[in-house]
Amino acid sequence: MNQTQRLTPMMLQYREVKERYRDCILFYRLGDFYEMFFEDALQASRALEITLTGRECGLEEKAPMCGVPHHAAETYIQRLVDQGMKVAICEQVEDPKSSKGIVRRDVVRVVTPGTVLNTGAIPPDRNNYLMAVVRRINTYGIAYVDITTGAFHTTVVHTYSRMLDELAKVDPAELLANPALQEDLGFREHLANRFHTHVTTQEDWYFERKRSEEAIRTHFQVSRLEGLLPLEHPEAVQACGALFNYLQETQKGNLVHITNLQYYQADRYMLLDASTRRNLELTQTLREKNRRGSLLWVLDKTRTAMGSRMLRSFLEEPLLQEEALLRRQDAVQEFLENPMAQAEVQEAIGGIYDLERLMGKVACHTANARDLLAFKQSLSKLPALQARLAGFSSALCRETAEGFDCLQDLHDLLERAIAEEPPLGIRDGGILRSGYDSQVDAYREAMTNGKQWLAALEAQERKETGIKTLKVKYNKVFGYHLEVSSAQSSHVPDRYIRKQTLANAERYVTPALKEMESTILGAEEKLMALEYALFLEIRETLSREVERIKRTARDIALVDALQSLGEVARTQKFVRPTLNREGVVRIQGGRHPVIEKMLGDGAFIQNDTYLDKGDHRFNIITGPNMAGKSTYMRQVALIVLMAQTGSFVPAQSADLCLVDRIFTRVGASDDLASGQSTFMVEMTEVAQILRNATKDSLVLLDEIGRGTSTFDGLSIAWAVVEYLSHGEIGGAKTLFATHYHELTELEGKVEGVQNYRISVKEKGDDIIFLRKILPGSADKSYGIQVAKLAGVPPWVIKRSKEILKELSKADIAVRSGAEAKGQGVQLDLFTPPSPQENLLEEVRSLDLARTTPLEALLFLHRLQEDLK
């Protein structure tokens, strides 16, 4: 007899289910717990830090076992999923009363990083996407879905870099990849270092076209794909089909809220690669990954989770269509100019829950009565919202109001059906209002009358027996019974039938009591079963209206996003940008929206910008570190990007052309995990820009070439300037910050190049950053002064000045090769100062006029310690 044959029936059932879900942790329902056994128990106990025990399984040794309470399972499941695991939830799938032998169990849902339905574990302001990417030679089919909202998108791109751009935009929680995609050079490294995405690799047959077409047709119940997807893009069909097959495997068919496929052309929106999204800090900060400090943090004054996600999508996909932009601008301006009307709209949408995710729970059969109560409360706000929108004149708001569906019939259904304070469990009864169903009311009346009869019985028996402590009680084992203390048991009449003896009491029943028990318990059991069935009917009614509900949710989200932009424009004093078709970027008094908000009113220094397709297409910016070059370049990019989302912009005025892409190479970002140095990363990103920038692009380059030797870096930077500024092969509007002062000589020699500098005020050996952009080039780098401001020790500053004098005297940048080999001045660069010189220099540099008595005392104490 092999080991499997010796297992108990329950363990045999567990093994059979586990065999079909080998790549998952199996949550096996036993009573009020989900149990895990064998290898799963060992793995889960470590991951969840819960106690590992054992259970008899028919073998000589107990099976390793651990478990979690079913009511708290979502928390534990999420912890496993966050660690990249999949969890298969195995439940009873037949009524124990009607089963013979062990109750049949099966997996009802598989939870993976991309299929999480626990909305409490997902940030409300962002989507949780499952993505599929299939590579065929040089074409990539892309599809992604959020099963909590039903949003499904697909497209096709034709380069590896464009695929990565889409991946950066979507930022999926989970990615299905075909083997060819995994073979792309550096793909896994990109995922590991740039994204937090769990990868599931599927074999080629999983993406096979006929299989994919069948999955799509089955879901939408159509015989042909025309009208759903462009058949000239088979890669999109394959990616969509793979997603549907995966969702069928994990969600077991609960996908009615996915009602359409939205095919989009990636070039319809401004393209933003992963580097640009990071550098511009659109949705999170570069270093801490915080929302605070990002552009989204400034712009998001939405009142609903749906609106917040919509606003995020505006930033992730800036528009390229002038008409669509103008429609958004008109709506934002109307909210800006009508604060009272905006306040009324905010009040109307303020109490609306996340209809998209509530609808997702309804469709996936996980919504409970409290979810439907929140749904009803949200719907009650819609007529007021429609009435307030009807008074708006901008096309976008007016059209939204005219086509707005208040879902009144669904509200009325829920108003009649759902109790004001329903229980959390959907099998516990108490879900439905009185008057909704006559049979429910009859069962409730029977239960009420029965309990009144029990109270009367208790009073009557006390009177007849004289036992004042007699009580009618109930438990699940004996049902209803009469309980009498042991001291009073001698007064019990003969008609009582003893049922149980306790330490201090006796329990009895009577024929009449047992008859009433049957009536009461029968009514209660039937009531719970009927309420559960009626609740499922109500939920199914809602799921049949999924498309209507999704349209209304989108309308609410759009209005919320637009009113948010209007509020920010008013409070932050943003202006409406005008659009031109001459390729000009003209900004008067521009400001950085994030830094301005952090500094407060009036503290940020405004700057102008002018770029065009002619003599001002390439601006070289010089000035010391910390003076504001990077901030200035980022603010220009953010103003352009904000304008193409429909937002107003932080400036006195702005006249802008539409740009097709924004490229950034700002700041150092060593890719040490993949073995790439700062310079290698820099050159890789520069190569991408040079290959993809067009005349309609905006390019930001900061300190190109600094990661290598001076001559190499200068040569590369020089060549990049010539290439990008060239009207025939380049011509992109470019802001180029550099410390190579030699590049400023290109003004007047290379067409389109103009010099600008960050103004600095010298005060003795100190400098003050004025943070103003002016025409011309900086004549100094002020590196030593910046080092002093940064707190570099005084003796290092002093020694730096000495070395600078020697280097300037030697002029090693232009000396002949012979001098460079040793015939020139030999500088003593590495002789450190003595400790005494150190202390003397610190004393000399102490500013007595600005030193408090306490600081002077602490300074003197430190000097004493150093001398010791």
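Colleague: How many of the residues of H15 are buried?

Modeller: This is a predicted model, so read every value as computed from it. In H15, 9 of the 9 residues are buried, so the rest of the structure largely encloses this helix. The buried set is Leu355, Glu356, Arg357, Leu358, Met359, Gly360, Lys361, Val362 and Ala363.

Colleague: What covers the buried residues of H15?

Modeller: The cover includes strand E8 (139–146) and helix H12 (305–316). It also includes H16, helix H21 (511–543) and helix H22 (546–571). After H15 comes His365, with a positive phi near 60°.

Colleague: How are two packed helices described?

Modeller: By two values: the angle between their axes and the distance between the axes. Take helix H15 (residues 355–363) and helix H16 (residues 369–379). They pack at an angle of about 140°, and their axes are 10 Å apart. The crossing of H15 past H16 is left-handed. On the H15 side, Leu355, Leu358, Met359, Lys361 and Val362 make the contact. On the H16 side, Asp371, Leu372, Ala374, Phe375 and Ser378 make it.

Colleague: Where is Tyr508, and which residues does Tyr508 touch?

Modeller: Tyr508 sits in strand E16 (residues 505–509). Its relative accessible area is 3%, so Tyr508 counts as buried. Beyond residues up to four places away in sequence, Tyr508 touches His481, Leu482, Val484, Ser489, Val492, Tyr496, Ile497, Arg498 and Lys499. Of these, take Leu482: 26 residues from Tyr508 in sequence, but 5.0 Å away in space, C-alpha to C-alpha.

Colleague: Now salt bridges. How many does the structure hold?

Modeller: It holds 50 salt bridges. Start inside a helix. An α-helix has 3.6 residues a turn, so residues three or four places apart point the same way. Here is a case. Glu213 and Arg209 lie 4 residues apart in helix H8 (residues 209–220), about one turn of the helix. They form a salt bridge, with the closest N and O atoms 2.9 Å apart.

Colleague: Are Glu213 and Arg209 buried or partly exposed?

Modeller: One of each. Glu213 is buried at 17% relative accessibility. Arg209 is partly exposed at 30%.

Colleague: What does the salt bridge between Lys613 and Asp696 look like?

Modeller: The N to O distance is 3.7 Å. Lys613 is in the loop between strand E19 (607–611) and strand E20 (618–622). Asp696 is in the loop between helix H25 (678–692) and strand E23 (698–702). The pair therefore ties together parts that are 83 residues apart in sequence. Lys613 is partly exposed at 42% relative accessibility, and Asp696 is partly exposed at 33%.

Colleague: Which residue meets Glu547 in a salt bridge?

Modeller: Arg554 does, at 3.7 Å from N to O. Glu547 is partly exposed at 27% relative accessibility. Arg554 is partly exposed too, at 36%.

Colleague: Which residues are linked in a network of salt bridges?

Modeller: Asp125, Arg291, Asp300 and Arg312 are linked that way.

Colleague: Finish with the whole chain. How many helices and strands does it have?

Modeller: The protein chain has 31 helices and 26 strands. Of its 868 residues, 50% are buried. The chain exposes about 41,200 Å², with carbon and sulfur atoms supplying 51% of that. For contacts, take residues at least 6 apart in sequence: 68% of those contacts join residues at least 24 apart.

How values were computed:
Residues are numbered from 1 along each chain as its sequence is written. This is a predicted model: local features need pLDDT of at least 70, side-chain atom pairs count only at pLDDT 80 or more; totals for chains, interfaces and linings use all residues. Side-chain values use heavy atoms; hydrogens and water are left out. A salt bridge is a side-chain nitrogen of Lys or Arg within 4 Å of a carboxyl oxygen of Asp or Glu. Helices (H or I, at least four residues) and strands (E, at least two) are DSSP runs, numbered from the N terminus. Buried means under 20% relative accessible area, exposed over 50%, partly exposed in between (1.4 Å probe, protein chains only). Contact means heavy atoms within 4.5 Å. Accessible areas come from the Shrake-Rupley method with a 1.4 Å probe; for residues, only the protein chains shown count as cover. Axes are lines fitted to C-alpha atoms, for helices over the stretch in contact, and angles run from 0 to 180 degrees between N-to-C directions. A crossing is left-handed if the near helix is turned anticlockwise from the far one by less than a right angle, and right-handed if clockwise.
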